[in-house]
Amino acid sequence: MRIRNLDTFLAVAKFESFHGAAKSMGATQPAISSRIAALEADLGVSLFSRDQGGTKLTSRGRQLLPYAKKMVHLNGEMKFQLQQALNDAGTMRIGIADTLAQLWVGPLLKSWRKEFPHVEFEVVIDISEVLTQQIEQHELDMVLMVARPSNDLLLSEHLCSYPQTWVASGAYITSQQLNDGPLDLFKLSHCSVLSFPRNTQPWQYLDNLFSTMGDARPMLHTCSTVSHLINLTQQGLGIALLPEPLAKPLQAQGDIRILNTAHDIAVPDLNFCCAWRIDDERLLPKLLAQSARDIIKIPDHAHTVQAVG
């Protein structure tokens with residue numbers, strides 16, 4: 001069903017005349033008749049009756065009238081909002097979690113600059129905890145970060161989920177005799193563990209995992225960035241937990257090895273989201289979030305909006 005046909009239907013109903021509708025829309029009368037015929041074919045009903053008194057709505061036409069008005073109005077509003085967002089010059093301050101930046105900052109910026117040529121992008125790369133504070137304090141307009149517990153300040157949409165995996169250099173695996181069977185909690189207790197910064201989700205997982213180990217708890221060393229974490233792992237300073245999309249290319253290059261693990265150290269996926277403030281009424285954050293999902297190739301049915309913190 002075409003919006004133009006609904007618009008034509010409203011014009012004929014208003015003027016009670018095909019001729020009047022054609023004149024008001026700058027179209028020929030045959031064109032108006034063709035549009036109404038197409039609409040009636042789509043709906044399978046007759047919308048107008050003609051007699052000496054003019055062109056009148058049928059009962060089905062009267063039933064359609066309020067819906068047609070709503071659809072035409074909504075179409076106009078949608079076009080206005082989209083055009084407003086596309087032409088809205090200014091700056092968009094976007095925070096991206098370090099892990100996502102390692103994987104996607106280039107493709108995201110390349111696509112966004114093409115889709116939104118009037119917008120300047122300021123990108124901040126940091127851990128999700130810092131990005132959350134910055135957007136809540138109005139220092140950022142939008143963040144791509146690890147999903148957080150809900151609050152009343154932010155709206156979010158699911159972006160992607162990545163499995164996490166244990167990795168180490170070949171030299172470290174040999175020195176710690178990690179080749180013999182899967183990595184379990186006992187073997188891990190004899191390793192130096194490299195982690196993302198304190199209070200990040202990966203750090204919290206490790207802290208909870210080691211909390212019951214008492215004196216057998218391994219040393220847990222934190223790194224401020226993903227690149228530092230990878231570099232220290234490659235140098236054989238310890239064993240690390242990395243998102244799988246980062247770990248697999250490094251293993252293919254021969255820099256590190258992914259370890260098989262036992263069930264007692266099964267690791268949860270790392271979930272990411274796009275988030276912006278509830279009080280931001282612009283359409284632009286929503287469009288950027290949709291674009292990010294398309295680039296990272298997440299199916300539309302997986303997206304649900306919820307408050308996050």
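These entries record what I looked up in a predicted model.

**Entry 1. Ground rules.** I number residues from 1 along each chain as its sequence is written, and in this predicted model local features need pLDDT of at least 70, side-chain atom pairs count only at pLDDT 80 or more, and totals for chains, interfaces and linings use all residues. Side-chain values use heavy atoms, with hydrogens and water left out.

**Entry 2. The cavity.** A cavity here is a set of points, on a 1 Å grid over the protein atoms alone, where a 1.4 Å probe fits but cannot get out; lining residues have an atom within 4 Å of a point. The largest cavity contains about 160 Å³ of space, a volume being the space filled by probe spheres set on the points, with grid points joined across faces, edges and corners.

I then listed the lining of the largest cavity, which has 18 residues; T99, S128, V146, F196 and T200 lie nearest its centre. At least two lining residues come from each of α5 (98–115), α6 (128–136), α9 (201–210) and β12 (270–277). Helices (H or I, at least four residues) and strands (E, at least two) are DSSP runs, numbered from the N terminus. By class, the lining has 9 nonpolar, 6 polar and 3 charged residues. Ala, Val, Leu, Ile, Met, Phe, Trp, Tyr, Cys and Pro count as nonpolar, Asp, Glu, Lys and Arg as charged, and the others, Gly among them, as polar.

**Entry 3. Helices α2 and α3.** I examined how α2 (residues 18–25) and α3 (residues 29–43) are set: their axes come within 8 Å and cross at roughly 105°. Axes are lines fitted to C-alpha atoms, for helices over the stretch in contact, and angles run from 0 to 180 degrees between N-to-C directions. The two helices are therefore roughly perpendicular to each other, a label given to angles of 65 to 115 degrees. F18, H19, A21, A22 and M25 of α2 meet Q29, I32, S33, R35 and I36 of α3; this contact has 6 nonpolar, 3 polar and 1 charged residues. Contact means heavy atoms within 4.5 Å.

**Entry 4. Positive phi values.** I noted that H138, although not a glycine, has a positive phi of about 65°. H138 sits in the loop between α6 and β5 (142–146), and its relative accessibility of 40% makes it partly exposed. Buried means under 20% relative accessible area, exposed over 50%, and partly exposed in between (1.4 Å probe, protein chains only). N199 is also a residue other than glycine with a positive phi, near 75°. N199 belongs to the loop between β8 (192–195) and α9 and is partly exposed at 41%.

**Entry 5. E129.** I placed E129 in helix α6, where its relative accessible area of 14% counts as buried. Apart from neighbours within four places in sequence, E129 is in contact with R148, N199, T200 and Q201.

**Entry 6. A292.** I found A292 in helix α12 (residues 284–296), buried at 0% relative accessible area. Beyond residues up to four places away in sequence, A292 touches L108, W112, L144, L159 and C274. From A292 to P218 I read 74 residues in sequence and 38 Å in space, C-alpha to C-alpha.

**Entry 7. R60.** Leaving aside neighbours within four places in sequence, R60 is in contact with V45, S46 and L47.

Note on methods. 1 Å grid on protein atoms, 1.4 Å probe; cavity = no way out; pocket = protein on both sides within 12 Å on 5 of 7 lines; lining within 4 Å. Parallel < 35°, antiparallel > 145°, perpendicular 65-115°, else oblique.
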